[in-house]
Amino acid sequence: MTLKVLTQEGKETQNTVRLNKSVFGIEPNQHAIYLDVKAILANKRSGTHQTKERGEIVGSTRKLRRQKGTGAARVGSIKNPIFRKGGRTFGPKPRSYEQKVNKQLKKLARKSALSQKVKNKELKVVDKFELKQPKTKELTQSLHDLGIDQTKTLVVLSQQNKNVYLASRNLQKAKVVVNTELNTYDISDAKCIVLEQQAIKQIESALKS
C-alpha cells in the first residue's frame, strides 16, 4: 500500500511511502474501536458530582407539626426529600468512571481506526510539518494548501513542535498530537489525518503485533 508524500504547501513530491498492511491495511474491527473509544471518554470524566442526602442537610430538627389531629400527613423533619431544599434520595456521589482496556485491544482499535481512514482515503502524508512562528494564520494557510482547512483534522507529528502546537490551539477544527499521544478517539473523531513521514515508522513500530 503506497501513498504519495506531499509538502506542507500541498504539492506532490517525487517520494512515496509504503504503509505496513498489518497496521494500515487490516479489516477494521468496529467493536474494538467502540470499546476503546468508550473507555477513553469514560476516563475523561471527573466523577466529582455530589448531592446531599437528608442526613447531610443543615437545618432544624424540630418536628414540623404534631403527629395526630391535624388531618394532614405526619411530618417529622424539614430535611425530608419531599420538601423543597430537602435532601436528595439516592443522589450521585463521587466515583471513578475509569474503564480498563487491555493492550492488545487498544492496539487493534488504533490499527482498525487507521485502516478505516486509509480505506476512506482520509489520510495524507507530508514530508515535514513545521512553522517558523507560532501563528494560527500560518497553520491555517498550510491546511488550506492541503485542502483540509474546512475539515476536522488531526495532525500527527514525529516529535514535539511547540510552534505548530501553539498555532493549533485557537482552531476548532484542527488538533495537533505527537505520535506517542495518538489514540483511537482522536483518529475516529477527525475527518482527515495528516501524518508526518517520519511519524509513520514510529506508529508502525509501536503497533506491530
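Analyst: Buried means under 20% relative accessible area, exposed means over 50%, and partly exposed lies in between. The model is a predicted one.

User: Where is Tyr34 found, and is Tyr34 buried, exposed or partly exposed?
Analyst: Tyr34 is found in helix H2. Its relative accessibility is 46%. A residue is exposed over 50% and buried under 20%. Tyr34 therefore counts as partly exposed.

User: What separates the C-alpha atoms of Tyr34 and Ala109?
Analyst: Along the chain, Tyr34 and Ala109 are 75 residues apart.

User: At what angle do helix H3 and helix H7 pack, and what does that make H3 relative to H7?
Analyst: H3 covers residues 103-119 and H7 covers residues 197-207. Their axes are 10 Å apart, and the packing angle is about 140°. Roughly antiparallel needs an angle over 145 degrees, and roughly perpendicular runs from 65 to 115. The angle therefore makes H3 oblique to H7.

User: Which residues make that contact between H3 and H7, and how many are nonpolar, polar and charged?
Analyst: H3 contributes Lys107, Arg110, Lys111 and Leu114. H7 contributes Ile203, Ala206 and Leu207. By class, the contact of H3 with H7 has four nonpolar, no polar and three charged residues.

User: Which residues lie over the face of Tyr97?
Analyst: One is Arg95, at 4.0 Å from the ring centre. Another sits at 3.7 Å from the ring centre of Tyr97, and that residue is Arg45.

User: How many aromatic pairs does the structure hold?
Analyst: A pair of aromatic rings is described by the distance of the centres and the angle of the planes. To pair, ring centres must lie within 6.5 Å. The number of aromatic pairs in the structure is zero.

User: Where does Val177 lie, and is Val177 buried or exposed?
Analyst: Val177 lies in strand E5. The relative accessibility of Val177 is 4%. The cut-off for a buried residue is under 20%. Val177 therefore counts as buried.

User: What does Val177 touch, not counting residues up to four places away in sequence, and what separates its C-alpha atom from that of Ser158?
Analyst: Val177 touches Leu154, Val155, Val156, Leu157, Leu182 and Asp186, with residues up to four places away in sequence not counted. Ser158 is 19 residues from Val177 along the chain. The separation of their C-alpha atoms is 9.0 Å.

User: Where is Asn179 found, is Asn179 buried or exposed, and which residues does Asn179 touch?
Analyst: Asn179 is found in the loop between strand E5 (174-178) and helix H6 (184-189). Because its relative accessibility is 14%, Asn179 counts as buried. Not counting residues up to four places away in sequence, Asn179 touches Val156, Leu157, Ser158, Ala199, Gln202 and Ile203.

User: What is the phi of Lys85, and is Lys85 buried or exposed?
Analyst: Lys85 is found in the loop between helix H2 (30-43) and H3. At 67% relative accessibility, Lys85 counts as exposed. Lys85 is not a glycine, yet its phi is positive, at about 70°.

User: And what is the phi of Lys121?
Analyst: Lys121 is found in the loop between H3 and strand E3 (123-126). With a relative accessible area of 77%, Lys121 is exposed. Its phi is positive in a residue other than glycine, near 60°.

User: How far apart in space are Asn120 and Val178, C-alpha to C-alpha?
Analyst: Asn120 has its place in the loop between H3 and E3. Asn120 is partly exposed, with a relative accessible area of 39%. Asn120 and Val178 are 58 residues apart in sequence, and their C-alpha to C-alpha distance is 23 Å.

User: Which residues is Gln133 in contact with, leaving aside its neighbours within four places in sequence?
Analyst: Gln133 is found in the loop between E3 and helix H4 (136-145). Its relative accessible area is 37%, so Gln133 is partly exposed. Leaving aside neighbours within four places in sequence, Gln133 is in contact with Glu138 and Asn163.

Key:
Residues numbered from 1 in each chain as written. Predicted model: local features only at pLDDT ≥ 70, side-chain atom pairs only at ≥ 80, totals over all residues. Heavy atoms only, no water. Axes fitted to C-alpha atoms, helices over the stretch in contact; angles between N-to-C directions. Helix = DSSP H or I, 4+ residues; strand = E, 2+ residues; numbered from the N terminus. Parallel < 35°, antiparallel > 145°, perpendicular 65-115°, else oblique. Contact = heavy atoms within 4.5 Å. Nonpolar A, V, L, I, M, F, W, Y, C, P; charged D, E, K, R; others polar. Buried < 20%, exposed > 50% of the residue type's maximum accessible area, 1.4 Å probe, protein only. Phe/Tyr/Trp six-rings, centres within 6.5 Å; stacked < 30°, edge-to-face > 60°. Lys NZ or Arg CZ within 6 Å of the ring centre and 35° of its normal.
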